[in-house]
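User: I'd like to go through the terms used for this model and see what stands behind each one. Could you take me through them?

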Amino acid sequence: MRRFSLPFLLLCCLLNVSVGHSQTNRRAAMDYVSRGTKELELGNLDTALAHFNRAIELDPNYAASYFSRGLVRKRQADYDGAISDFTRSIELHPMAEAYLDRGASRKDKGDRDGAIADYNKAIEIDSEYADAFYNRGIARDDKGDYDGAINDFTRAIELRPANARALVGRGFARMHQGDPEGAIVDYSKAIELSPRGFLGFYNRAFARKQKGDLDGAIVDFDAALEINPLDVDAWFERGVLRGAKSDLDGALADLGKSIELNPRNARAHANRGMIMLLRRQDIEAQKEFDAALKIDSSLRTDLERSINQIVKTRGQQPLMRRP
């Protein structure tokens, strides 16, 4: 089985007309849900919400209205409201999709156990629901149940072999298990399936870095940044790797771009200061250290340790002022 389209779900709920509500009200409610769905697809959340509210006023027992409003509230980060709507939808017409989205809302609230319980119920209703296995895999990985996560991602891949995101998820869980080689296999397959998928390249870069393949990691960050040039972390990580490879100009450029995108990136300021210190640009380095500590004073101990290691090779001891 596969996840049904929203129009199909609306039809299922339409056929489930409860006693006491006329076909006229149900059809009018369905019309408002259809309008709201179009607005939701366009990203017009407030307008969509108004349509779904009207549908509920017309027919308070129409499950699709609550399910659809739950989708809007979830997008608005109103997780309590979304959970309430999905719960009402389930009470009126239990569907695997409603359990899935209620589980996702619970996970977004930090309730991993509640999310897993909902994903379990979705799988109980539909044993071939790939999205439910994928979502449960994410929740299990978050809880540190890496074996369970890998099993869920594997099942999601079996049900949908071209499931690039499940391959990325399994690779992530394998990294947590200390298996970078297995992770690289999964990330590589995900990249084959989705050559413009940012996370495949980004995560494979970390796996290659862990294996000591710095050149391969840099190549993957190159690809990741070509796909998403606004990712702060990718600029930072490539800058660190370039510094480790003694490409100081490249490191400074990447760390500078990371800071340009996020001026409060304390680690980027600290690492750029280190590169400047290596180049004997002590005044500029001090400015970067001051900026880093102003943002995050907890870096002081590690920063002083790193500075001492560098200056020992220079035969001098620059002072590090407190900001």
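**Aromatic pairs and the chain around them**

Analyst: Happy to! Let's start with two residues: Tyr-134 and Phe-153 are both buried, a word that stands for under 20% relative accessible area, with exposed being over 50% and partly exposed in between (1.4 Å probe, protein chains only). This is a predicted model, in which local features need pLDDT of at least 70, side-chain atom pairs count only at pLDDT 80 or more, and totals for chains, interfaces and linings use all residues. Residues are numbered from 1 along each chain as its sequence is written, and side-chain values use heavy atoms, leaving out hydrogens and water.

User: Why is the pair of Phe-206 and Phe-221 called edge-to-face?

Analyst: Rings of Phe, Tyr and Trp (its six-membered ring) pair if their centres lie within 6.5 Å; planes under 30 degrees apart are stacked, over 60 edge-to-face, and the rest tilted. The ring centres of Phe-206 and Phe-221 are 5.7 Å apart and the planes stand at 85°, so this pair is edge-to-face. The pair links distant parts of the chain, with Phe-206 in helix H12 (residues 198-210) and Phe-221 in helix H13 (residues 214-227), 15 residues apart. Helices here are DSSP runs (H or I, at least four residues), while strands (E) need at least two, and both are numbered from the N terminus.

User: What makes Phe-206 partly exposed?

Analyst: Its relative accessible area is 24%, so Phe-206 falls in the partly exposed class.

User: And why does Phe-221 count as buried?

Analyst: Phe-221 has a relative accessible area of 1%, and therefore it is buried. Ring pairs also join Phe-206 and Phe-221 with Phe-198 and Tyr-202 into a cluster.

User: How many aromatic pairs are there by this rule?

Analyst: The count comes to 6. One of them is the tilted pair of Tyr-134 and Phe-153, at 5.8 Å centre to centre with 55° between the planes. Tyr-134 belongs to helix H8 (residues 130-142) and Phe-153 to helix H9 (residues 146-159), 19 residues apart.

User: Stepping back, how many helices and strands does the chain have?

Analyst: The chain has 18 helices and 0 strands. Of its 323 residues, 50% count as buried.

User: How does the radius of gyration of the chain stand against that of a compact globule?

Analyst: The chain has 25 Å, whereas a compact globule of 323 residues would have a value near 20 Å. The radius is taken over C-alpha atoms, and the globule rule is 2.2 Å times the number of residues to the power 0.38. Along its principal axes, the C-alpha trace spans about 90 × 40 × 30 Å.
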